[in-house]
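Colleague: I have not looked at this one before. Can you walk me through it?
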Amino acid sequence: MSEAAQALGIDVGGTKIESLRVARDGSILSRSRSVTPADDPEATIAAMIEGAKGLLEPQVVAIGVGAAGLVDANSGVLRFAPNLAWRELPIAARMSDALGLPCQVDNDANVAAWGEYRFGAGRGYRHMLLVTVGTGIGGGIVAGRRLFRGAHGFAAEIGHIIVEPDGPLCGCGNRGCLEQVASGQAIGRLGREAAADRPQSLIAELADHDPMHVTGETVTRAAKAGDDVAIRILSQVGGRLGEGIAGLVNVIDPQIVVIGGGVVEAGDLLIRPAEAAFIQAVEGYEHRPAVPLVAAQLGNDAGAVGAAALALEELGS
Ligand SMILES: [Zn+2]
């Protein structure tokens with residue numbers, strides 16, 4: 001395949017569709033973004049096709065898609081999305097038919113892991129775990145320089161490990177999943193409770209004294225301004241995240257853990273407590289090489305860049 005070959009990478013989540021035209025070296029050549037019509041799967045596919053058409057150039061030879069949910073990577077069908085109305089959606093077939101190019105579909109966190117591994121914080125490593133912490137929690141595993149997809153493409157759905165039986169209800173139907181206690185949702189929930197308990201707190205003030213308006217970002221802003229209550233919330237949620245990561249490191253044994261997603265905004269206020277809890281919880285910490293927990297580098301582009309790279313590599317193999 002020519003060095004000049006390019007791919008489109010499309011990252012489709014519950015709120016937005018991010019489409020990039022990407023060169024072989026990972027550089028972004030053009031981009032478009034649209035709002036996801038999330039309650040209408042057919043309209044979502046139509047919007048993805050529309051976004052892709054706007055970026056097509058003769059050098060584009062493949063399309064890569066990262067989608068939130070359980071994606072059957074062999075058939076390119078999105079089987080189930082825990083937080084959205086998408087079920088049994090044949091994304092690869094629809095995209096291929098409309099655009100006349102091969103289309104590779106994977107889970108959104110899997111493609112983000114590949115993006116960080118090839119061009120971001122995981123460059124140069126062979127074994128990497130990506131944990132994306134946004135509204136929910138996603139995961140991606142690179143093992144021996146390959147994306148670990150499992151038998152069907154469903155591997156690394158780490159957000160739905162039950163860590164707190166009878167805990168908060170999750171979008172997947174269970175209670176106490178990791179993403180309910182260690183994500184942006186958890187930060188927001190604890191922030192709303194704190195704002196209701198302490199109407200004079202900075203968290204309440206930043207939400208115009210309406211606890212229901214408190215989000216994860218509100219808490220992060222308050223913590224960055226030095227608010228003790230907010231700092232404690234990030235520390236508590238970071239701790240749960242670190243415990244979760246310790247369990248995953250026990251299973252996967254990566255060289256590095258890259259933490260991506262929206263909560264990376266909180267930086268050390270979240271990552272340092274996560275690291276402290278990780279060190280406590282991982283098996284035999286003193287007897288194993290250090291596994292650094294580092295922030296992702298590609299931000300919101302990781303998924304689309306990784307999807308494009310995977311689509312090109314799929315063609316080359
Ligand atoms: Zn769940």
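Modeller: This is a predicted model.

Colleague: How many bridges join strand 5 to strand 6?

Modeller: Three, and the two strands run antiparallel. Strand 6 covers residues 77-80. One of its residues, Val-77, is the bridge partner of Asp-72.

Colleague: What holds strands of a sheet together in general?

Modeller: They pair through backbone hydrogen bonds, either parallel or antiparallel.

Colleague: Other topic. Where does Gly-64 lie?

Modeller: In strand 4, which spans residues 60-67.

Colleague: Is Gly-64 buried or exposed?

Modeller: Gly-64 is buried, because 31 other C-beta atoms lie within 10 Å and the cut-off for buried is 20 or more.

Colleague: Which residues does Gly-64 touch, leaving out those up to four places away in sequence?

Modeller: Among them are Ala-7, Gly-9, Gln-104 and Val-111, and also Ala-307, Ala-308, Leu-310 and Ala-311. Val-35 is 29 residues from Gly-64 along the chain, and their C-alpha atoms are separated by 19 Å.

Colleague: And the whole chain, how many helices and strands?

Modeller: There are 10 helices and 13 strands. The radius of gyration is 20 Å, close to the 20 Å from the globule rule for 317 residues, so the chain is as compact as a globular protein of that length.

Colleague: What share of the residues counts as buried?

Modeller: 51% of the 317 residues.

Methods. Residues numbered from 1 in each chain as written. Predicted model: local features only at pLDDT ≥ 70, side-chain atom pairs only at ≥ 80, totals over all residues. Helix = DSSP H or I, 4+ residues; strand = E, 2+ residues; numbered from the N terminus. Buried ≥ 20, exposed ≤ 12 C-beta atoms within 10 Å, placed from the backbone. Contact = placed C-beta atoms within 7 Å. Rg over C-alpha atoms; globule rule 2.2 N^0.38 Å. Pairing = 2+ DSSP bridges.
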